[in-house]
Amino acid sequence: MALDFSALPLAFQFTSPGPILFKIGFLTIRWYGLLIASAVLIGVSLSQYLAKRRNVNPELLSDLSIWLVIGAIPAARIYYVLFQWAEYVQHPERIIAIWQGGIAIHGAIIGGVIAALIFAKLKQVSFWQLADLVAPSLILGQAIGRWGNFFNSEAFGGPTNLPWKLYIPPERRPPELASFEYFHPTFLYESLWDLMVFALLITLFFRSLRSQPRLKMGTLFMVYWVAYSLGRFWIEGLRTDSLMLGPLRIAQLVSLTGILLGLAGLAWLYLAKRPLPDVVSPSNGDQEMGR
């Protein structure tokens, strides 16, 4: 017998109140910007706390956060615009309108990694040490930031009648799906997945504090890459607004690459028992996290 989900309570149905939190005169505060700012502040605080637990100077993470913001946010926008160039070339004034949404997490990761590599080289510290301390904050920030897609009514999946369906206003629906009202809340799927990855990373981090040997440097970041990419690969297949390269979904290609690179990195660390290439050359005793 088929289940009639339409008879269930409406409490599970998501409807965005709109992208704007409030306006005072010329000042407009948007949910998207508030969530990104909150994710950054929470992420910096968490990274500093984890650094203290690993006997790493927390101010190093505070300084790094500035580099990450400068590297990640512009890169996230550039990445998105490049793969949507046919649209933005018609409206170039919208290229800098980041407050309207339209950033790509893979672009942010690329920009952040480049910024962190430069920072680590200048400070003469291990890039992987920094990456491991930032990884839990990064995935938690992604979980928070995904709710910006909810308020902007974007990054949703195909039509559905599930009890947790998402209402999309007519002006935000793809033309070919204009007759449908409810869609998969893929922002929610990814946010929940990210929270599970966060729980995994935090568990590994604190478990390694109580056991020997400690995790090798780079482990948490590699686990982050694999775990996040696994979820993003299948969730991306549900979305209606994927960035495309011909018939291929860019995010799925990048996710598949992330899975392979992450597994290769873990194999290098634990099967080959060799440290990952770094901007500095740590001694054998410094190849574990927190040393």
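I count two strands as paired if DSSP finds at least two bridges between them. Helices (H or I, at least four residues) and strands (E, at least two) are DSSP runs, numbered from the N terminus.

**Entry: ground rules**

I am working on a predicted model, where local features need pLDDT of at least 70, side-chain atom pairs count only at pLDDT 80 or more, and totals for chains, interfaces and linings use all residues. I number residues from 1 along each chain as its sequence is written, and side-chain values use heavy atoms, with hydrogens and water left out.

**Entry: the open sheet**

I looked up the strand order first. Three strands form an open sheet, in the order β1-β4-β5, with mixed pairing. Which strands stand at the edges? They are β1 (14–15) and β5 (182–183); each has a single partner strand, so one side of each is left without a neighbour in the sheet. Strands of a sheet pair through backbone hydrogen bonds, either parallel or antiparallel. I checked β4 (residues 166–167) against β5: they run antiparallel, joined by two bridges.

**Entry: the hairpin**

Next I went to β2 (residues 20–24) and β3 (residues 27–30). Four bridges join these two strands, which run antiparallel. I20 has R30 in β3 as its bridge partner. K23 has T28 in β3 as its bridge partner. How many residues lie between β2 and β3 in the hairpin? I found two, and G25 in the turn has a positive phi of about 60°.

Most residues other than glycine have a negative phi, and most peptide bonds are trans. I therefore wrote down two residues with a positive phi. Q124 has a phi near 55°, though it is not glycine. I located Q124 in the loop between α4 (105–123) and α5 (127–151). A155 is also a residue other than glycine, with a positive phi near 55°. I located A155 in the loop between α5 and β4.

For helix pairs I use axes, which are lines fitted to C-alpha atoms, for helices over the stretch in contact; angles run from 0 to 180 degrees between N-to-C directions. Angles under 35 degrees count as roughly parallel, over 145 as roughly antiparallel, 65 to 115 as roughly perpendicular and the rest as oblique.

Helix α1 (residues 31–53) packs with α5 at an angle of about 165°, and their axes are 8 Å apart. That makes the two helices roughly antiparallel. For contact I take heavy atoms within 4.5 Å. On the α1 side I listed residues including W31, Y32, L35 and I42, and on the α5 side residues including L133, V134, W147 and F151. The residues of this contact divide into 15 nonpolar, six polar and no charged. Ala, Val, Leu, Ile, Met, Phe, Trp, Tyr, Cys and Pro count as nonpolar, Asp, Glu, Lys and Arg as charged, and the others, Gly among them, as polar.

**Entry: α4 against α5**

The axes of α4 and α5 come within 12 Å and cross at roughly 155°. These helices are therefore roughly antiparallel to each other. α4 passes α5 in a right-handed crossing. I105, V113, A116, L117, F119 and A120 of α4 meet F127, L130, Q142 and R146 of α5. By class, I have eight nonpolar, one polar and one charged residues in this contact.

**Entry: α6 against α7**

How do helix α6 (residues 186–210) and helix α7 (residues 219–236) cross, and at what angle? I found roughly 160°, with the axes coming within 10 Å. The two are therefore roughly antiparallel to each other, and their crossing is right-handed. Among the contact residues are Y189, W193 and F205 of α6 and Y224, R232 and W234 of α7. This contact divides into 15 nonpolar, two polar and three charged residues.

**Entry: the whole chain**

I ended with the overall picture. The protein chain has eight helices and seven strands. Its radius of gyration is 20 Å, close to the 19 Å that the globule rule gives for 291 residues, so the chain is as compact as a globular protein of that length. The radius is taken over C-alpha atoms, and the rule is 2.2 Å times the number of residues to the power 0.38. The C-alpha atoms fill a box of roughly 65 × 55 × 40 Å, taken along the principal axes.

Definitions and conventions: Left-handed = near helix turned anticlockwise from the far one by under 90°.
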